[in-house]
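I opened my notebook and decided to look things up in this structure one at a time. Here is what I wrote down, in the order I looked.

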Amino acid sequence: MNAPMGLRERKKQRTRGTISDTAITLFLKHGFDQVSVVDIAAVAEVSKPTLFKYFPTKEDLVVHRFADHQTVAGSVVTERPPGVSVIDALHQHFLDGLAARDPITGLNDDEDVLAFHDLVYSTPSLVARVSTYLARAEDALAETLVGALDSDRGITAALLAGQVIATERILASVNWRRVFAGRSADEVHPEAVADADHAYALLRHGLAGVAPRE
């Protein structure tokens with residue numbers, strides 16, 4: 001079990017949450033480029049140095065939420081039950097995310113979540129920062145896979161990590177497009193599951209079973 005969080009740590013988390021929530025509210029109302037760090041600090045009632053202590057860049061005020069997922073795939077691999085393959089564990093985790101409407105899977109039709117997603121992917125600097133987090137997630141998964149795969153070639157872990165992160169990013173992107181087109185998450189869910197099943201089958205078996213067009 002995790003040790004109880006101390007008062008100081010709880011206060012730090014509350015401050016961090018207040019700063020981030022304030023920033024996102026202002027960005028959604030006025031636009032990312034129209035709001036300064038000074039504006040955010042003033043509304044959140046913190047100093048500019050305090051803000052940067054929690055968030056090194058303006059972009060991190062928004063996309064730090066992606067940082068929470070950087071080590072998730074690695075944890076899924078490490079904590080998988082005996083006898084469950086790496087791909088099966090990651091596949092099931094993604095399916096569980098779809099069922100839970102986890103925004104990271106793209107299958108979420110909550111208005112606030114959709115507005116946040118639109119903010120991120122309509123702002124070039126935020127898209128670039130998300131790419132940084134995805135690269136870190138790929139590196140973290142590759143590091144975990146080195147000890148989990150029956151292979152003495154490090155390139156195997158790196159290749160599989162890249163494929164998994166790219167696959168889940170594409171699946172999420174497809175789901176977002178369906179939802180943004182006006183469909184509900186419940187309506188899209190069966191298609192999202194079918195796509196995930198197909199994608200992970202390709203990760204297991206490669207493209208050998210996909211017949212090329214004549």
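Entry 1: I started with α7 and α8, which are roughly perpendicular to each other. (Angles under 35 degrees count as roughly parallel, over 145 as roughly antiparallel, 65 to 115 as roughly perpendicular, and the rest as oblique.) Their axes cross at roughly 95 degrees and come within 6 Å. My reminder on axes: they are lines fitted to C-alpha atoms, for helices over the stretch in contact, and the angles run from 0 to 180 degrees between N-to-C directions. I also jotted down that two packed helices are described by the angle between their axes and the distance between the axes.

Which residues meet there? From α7 I found Leu119, Val120 and Tyr121, and from α8 Leu126, Val127 and Val130. Contact here means heavy atoms within 4.5 Å. I sorted the residues of this contact and got six nonpolar, no polar and no charged. (Ala, Val, Leu, Ile, Met, Phe, Trp, Tyr, Cys and Pro count as nonpolar, Asp, Glu, Lys and Arg as charged, and the others, Gly among them, as polar.)

**Entry 2: ground rules.** I noted that this is a predicted model, where local features need pLDDT of at least 70, side-chain atom pairs count only at pLDDT 80 or more, and totals for chains, interfaces and linings use all residues. Residues are numbered from 1 along each chain as its sequence is written, and side-chain values use heavy atoms, with hydrogens and water left out.

**Entry 3: the whole chain.** I counted 10 helices and zero strands in the protein chain. Helices (H or I, at least four residues) and strands (E, at least two) are DSSP runs, numbered from the N terminus. The C-alpha atoms fill a box of roughly 60 × 40 × 30 Å, taken along the principal axes. Of the 214 residues, 37% are buried. (Buried means under 20% relative accessible area, exposed over 50%, and partly exposed in between, with a 1.4 Å probe and protein chains only.) I also looked at contacts between residues at least 6 apart in sequence: 68% of them join residues at least 24 apart.

**Entry 4: Val62.** Val62 sits in helix α4, residues 60–67. Buried or exposed, I asked about Val62? Val62 counts as buried, because its relative accessibility is 0%. Not counting residues up to four places away in sequence, Val62 touches Ile24, Phe27, Phe32, Phe116, Leu119, Val120 and Leu126. I checked Val120 in particular: 58 residues separate the pair in sequence, yet C-alpha to C-alpha they are 7.6 Å apart.

Entry 5: Thr18 is partly exposed, at 40% relative accessible area, whereas Ser20 is buried, at 2%. Leaving out residues up to four places away in sequence, Ser20 touches Phe55, Leu61 and His64. For Thr18 I looked up a distance instead: its C-alpha atom is 29 Å from that of Glu138, which is 120 residues away along the chain.

**Entry 6: the cores.** A nonpolar core is a set of buried Ala, Val, Leu, Ile, Met, Phe, Trp, Tyr and Cys residues joined through side-chain atoms within 4.5 Å. The largest one has 28 residues, and Leu90, Leu98, Leu141, Leu145, Val164 and Tyr200 touch the most other members. Two or more residues come from each of α5 (72–78), α6 (86–99), α8 (124–148), α9 (154–180) and α10 (185–205). Another core lies apart from it, with 24 residues, including Leu51, Phe55, Val63 and Leu126.

I then zoomed in on Tyr200. Leaving aside neighbours within four places in sequence, Tyr200 is in contact with Ile87, Leu90, His91, Phe94, Val164 and Glu168.

**Entry 7: loops.** Thr105 is in the loop between α6 and α7 (111–121), and Thr105 is buried, with a relative accessible area of 2%. What does the side chain of Thr105 reach at 2.7 Å? The backbone oxygen of Asp102.

Last, Glu45 is in the loop between α2 (37–44) and α3 (48–54). Glu45 has a positive phi of about 60 degrees although it is not a glycine.

Terms used: Polar contact = N/O pair within 3.5 Å; in protein donor to acceptor, adjacent residues only side chain to side chain.
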